[in-house]
Amino acid sequence: MLLSKKIVLAASAALITLGGAFTIQQQIGNQHQQTRFKEATINAKLALWRNIIRVEINGLKTSLRSITRNRTALAALAAKNYPELNDELTGTYNRLSTANVLSEVIIITPDGKTVFPADATDKSGGQTALVQKSLAEKTRAEGLIKRNGGPSIAISTPLYKGRDIVGVALVTKNLAGPSEAFKQSDGSEVIVLGTDAGKVSTT
């Protein structure tokens, strides 16, 4: 083979090798860009969701003050005068519920009995981990619980009369509203999973 042909063949092989390397590098670059785009999209959705939930939690925290500072209600709870307790808190609940601040206000005695609302059909509030934590650690607790067949944001806090804990207040906000707000803002479906990875709710 002539030297000139060898040089041409060698040059062609080098170009093919460089072309293949460039194609692989381009594919890796595209994959990296796609990964970064997916991560940025997920982070943006997460930030939006956290902001929506933060607003709801702040609303629940504010609503608790209407209960923890209600001396008449606390005195009625301490005296086990539950009819007066219900008379005192019904207006508070109606006002906060109408304003869409919360879904439920539940008052539970230290022995786990639900005493507000008097006509509550679900009496399991006292068995939630949040209420148990508030009683055991004498502190406020917040998290996600299942209420009325769906997930709810919830905050529980001890109620005091003097230095004695006379009960626990549990306020909740159903996630249906926040989930729909997220869907309207982002266009994404919202699926809430339980600790066992089972679906709890979806928009």
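Helices and strands here are DSSP runs, numbered from the N terminus. The model is predicted. Asn100 has a phi near 60°, a positive value in a residue other than glycine. This residue comes just after α3. Asn100 counts as exposed because its relative accessible area is 52%, and exposed means over 50%.

Now step back to the whole chain. The protein chain has five helices and seven strands. From the N terminus on, the order is α-α-α-β-β-α-β-β-β-α-β-β. The chain holds 203 residues, and 32% of them count as buried. Take the contacts between residues at least 6 apart in sequence. Of these, 51% join residues at least 24 apart.

Start with the helices. Helix α1 covers residues 3-68, and Ser63 is found in it. Is Ser63 buried or exposed? Ser63 has a relative accessible area of 2%, so it is buried. Beyond residues up to four places away in sequence, Ser63 touches Leu96, Val101, Leu102 and Val171.

Leu96 leads on to α3, where it is one of the buried residues. Helix α3 runs over residues 82-98. Its 17 residues should span 24 Å at 1.5 Å a residue, and the end C-alpha atoms are 23 Å apart, which agrees. The helix also has a kink of about 30°.

Next comes the interior. In soluble globular proteins, nonpolar side chains tend to be buried together. The largest nonpolar core here has 29 residues. Which of them touch the most other members? They are Ile67, Leu77, Leu85, Val105, Ile107, Leu159 and Val171. Helices α1, α2 (71-78) and α3 each supply at least two residues of this core, and so do strands β1 (104-108), β2 (114-116), β4 (150-161) and β5 (164-174). The largest share, six residues, comes from α1.

Leu77 shows how these parts meet. Leaving aside neighbours within four places in sequence, Leu77 is in contact with Tyr82, Leu85, Ile107, Val115, Leu159, Val166 and Gly167. There is also a second, separate core of nine residues. Among its members are Ile106, Ile108, Ala154 and Leu170.

Ser152 sits in strand β4. This serine is buried, because its relative accessible area is 2% and the limit for buried is under 20%. Setting aside neighbours within four places in sequence, Ser152 is in contact with Gly143, Leu144, Ile145, Arg147, Thr172, Lys173, Asn174 and Leu175.

Now follow the loop between β2 and α4. Pro117 lies in this loop. A cis peptide bond joins Phe116 and Pro117, with omega about -5°. Ala120 is found in the loop too. With a relative accessible area of 17%, Ala120 is buried. The C-alpha atoms of Ala120 and Ile106 are separated by 8.7 Å, and the two residues are 14 residues apart along the chain.

Further along, Gly126 lies in the loop between β2 and α4 (129-137). Why does Gly126 count as buried? Its relative accessibility is 0%, and buried means under 20%. Apart from neighbours within four places in sequence, Gly126 is in contact with Ile108, Gly112, Val131 and Gln132. Gly126 and Ile107 are 19 residues apart in sequence and 8.8 Å apart in space, C-alpha to C-alpha.

Rolling a probe the size of a water molecule over the atoms shows where empty space is left. About 230 Å³ of space lies in the largest pocket. The lining has 16 residues. Which of them lie nearest the centre? Glu104, Val105, Pro117, Asp119 and Ala120 do. Two or more lining residues come from each of α3, β1 and β2.

One last stop is Lys138, in the loop between α4 and β3 (141-147). Its phi is near 55°, a positive value in a residue other than glycine. At 56% relative accessibility, Lys138 counts as exposed.

Note on methods:
Residues numbered from 1 in each chain as written. Predicted model: local features only at pLDDT ≥ 70, side-chain atom pairs only at ≥ 80, totals over all residues. Heavy atoms only, no water. Helix = DSSP H or I, 4+ residues; strand = E, 2+ residues; numbered from the N terminus. Buried < 20%, exposed > 50% of the residue type's maximum accessible area, 1.4 Å probe, protein only. Contact = heavy atoms within 4.5 Å. Expected span 1.5 Å × (residues − 1). Bend = angle between axes of the 7 residues up to and from the residue. Core = buried A, V, L, I, M, F, W, Y, C linked by side-chain atoms within 4.5 Å. 1 Å grid on protein atoms, 1.4 Å probe; cavity = no way out; pocket = protein on both sides within 12 Å on 5 of 7 lines; lining within 4 Å. Points joined across faces, edges and corners; volume = space filled by probe spheres on them.
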